[in-house]
Amino acid sequence: MPKILLEEKEIPTHYYNIAADLPFKIDPPLNPQTKQPIGPNDLARIFPMELIKQEVGLDRYVPIPEEVRNAYMLYRPTPLIRARRLELLLDTPAKIYYKNESVSPVGSHKLNTALAQAYYNKQEGVKRLATETGAGQWGSALSFACNLFGLECMVYMVKISFQQKPYRKILMQLFNGKIAASPSELTDYGRRVLKDDPENSGSLGIAISEAIEDAVNHEGTKYALGSVLNHVLLHQTIIGLEAKKQMENAGDYPDIVIGCHGGGSNFAGVSFPFLADKLSGKKKSLRAIAVEPTACASLTQGKYAYDFGDSAHMTPLMKMKTLGADFMPEKIHAGGLRYHGASPIVSALYENKIIEARALESQEALEAGVMFAKNQGIVPAPESTFAIKAAIDEALKCKAEGKSKTILFNLSGHGHFDMQAYADLMQYLPK
Ligand SMILES: *Cc1c(COP(=O)(O)O)cnc(C)c1O
């Protein structure tokens with residue numbers, strides 16, 4: 001029985017808020033001018049009140065609105081898979097499970113928060129959302145969610161991806177999203193960047209600045225972010241909450257939970273509900289590992305400091321592991337992992353040694369992705385291959401040590417729009 005499924009009625013009714021259980025304080029975001037903690041009013045121009053409440057809330061459980069649960073029924077609960085064939089291939093005594101978020105209609109976990117964010121904005125009378133996207137996963141998730149709840153969606157897409165990923169662009173347009181290649185002529189900041197450097201191929205930091213400027217300057221428009229912030233991580237805990245029930249149904253519990261790490265949302269989503277047991281003392285030995293690319297290693301190489309979330313320095317200052325708001329990561333196929341910072345909560349968990357992090361080369365991750373694709377029939381998103389590689393490494397360590405451990409990783413998305421990554425790799429893999 002490799003597939004462990006839940007029924008629709010078992011879709012969680014509440015998100016899990018880890019802030020209620022942290023044994024330390026998270027340093028608050030600061031107003032860059034005054035260096036004082038920002039209040040709800042500072043954020044009200046760009047976020048709806050309910051999301052601001054969730055951003056700072058300390059309730060352990062946050063109810064999921066009925067309309068959002070209904071929308072989740074399009075693809076949730078997602079399957080938990082015991083990868084027995086992979087265990088056999090690796091000849092390991094370890095048990096390997098993965099939560100399959102690639103079954104979401106847009107192909108990744110990002111729809112979990114997009115649906116919630118679109119809903120809360122709609123509830124508060126917002127007409128239009130502005131956002132940024134790198135590889136296009138978040139842009140397509142938010143375009144779809146906005147269309148479902150009757151909002152317009154404006155996406156600033158990093159120019160290099162806009163040029164290299166035409167199919168993600170078409171997917172967003174199909175969901176009624178409006179797209180501009182960033183840096184664009186639509187904002188002051190975009191025009192400024194282009195004036196200095198007409199050939200600028202864009203970055204997530206620049207696109208975020210443009211989207212925030214757009215939201216501030218357009219009546220009825222707010223801004224939406226696809227990772228990093230507390231409320232985004234909160235929504236993603238639906239992954240781990242389901243996985244916990246599924247592991248229980250399988251009569252198992254993970255020793256190690258693994259997620260790839262860009263801004264921290266899918267890693268948080270799969271791991272936080274299990275970390276609740278570590279923090280309460282029930283499962284002290286549980287290990288959670290965030291896996292990032294060496295090309296953009298904010299957790300393992302970054303400083304723990306207050307920094308901006310964007311290039312134009314428009315966001316509040318956040319205390320996080322960061323490579324610097326102006327850091328330009330080298331091009332890797334895993335576009336969703338090219339963000340200079342890490343979520344404040346994940347950063348603090350890492351600094352307090354409650355979670356682990358490791359950095360891997362893109363090439364070794366993608367090769368693990370090929371092995372996984374051949375074995376399981378799912379072509380993983382380049383981002384997800386980092387989690388796969390770490391899971392395989394842990395399983396091989398079990399083999400070397402003759403130990404049987406239970407490993408759970410999150411398959412954050414599929415790679416059907418990233419075939420170029422695999423095409424490039426196949427050139428130099430042995431035939
Ligand atoms: C965006 C994305 C990521 C990275 O973002 P996190 O917030 O760290 O989860 C990982 N995998 C996929 C498929 C993505 O689209």
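## A helix across the sheet

Helix α10 (residues 204–217) lies across β6, β7, β8 and β9 and runs at about 170 degrees to β6. Here, helices (H or I, at least four residues) and strands (E, at least two) are DSSP runs, numbered from the N terminus. Angles go from 0 to 180 degrees between N-to-C directions, with axes fitted as lines to C-alpha atoms, for helices over the stretch in contact.

This is a predicted model, where local features need pLDDT of at least 70, side-chain atom pairs count only at pLDDT 80 or more, and totals for chains, interfaces and linings use all residues. Residues are numbered from 1 along each chain as its sequence is written, and side-chain values use heavy atoms, with hydrogens and water left out.

## The sheet itself

Four strands make an open sheet in the order β8-β7-β6-β9, paired parallel (a pair needs at least two DSSP bridges). β8 (178–182) and β9 (221–223) are at the edges with a single partner strand each, so one side of each has no neighbour in the sheet. On average, neighbouring strands are turned by 25 degrees against each other, direction ignored.

Take β6 (residues 128–133) and β7 (residues 152–158): six bridges join these parallel strands. Arg128 sits opposite Glu152 in β7.

The axes of α12 (residues 265–279) and α14 (residues 344–351) come within 12 Å and cross at roughly 55 degrees. That's why the two helices are oblique to each other (under 35 degrees is roughly parallel, over 145 roughly antiparallel, 65 to 115 roughly perpendicular, the rest oblique).

Phe267, Ala268, Phe272 and Leu275 of α12 make the contact with Ile345, Val346 and Leu349 of α14 (contact means heavy atoms within 4.5 Å).
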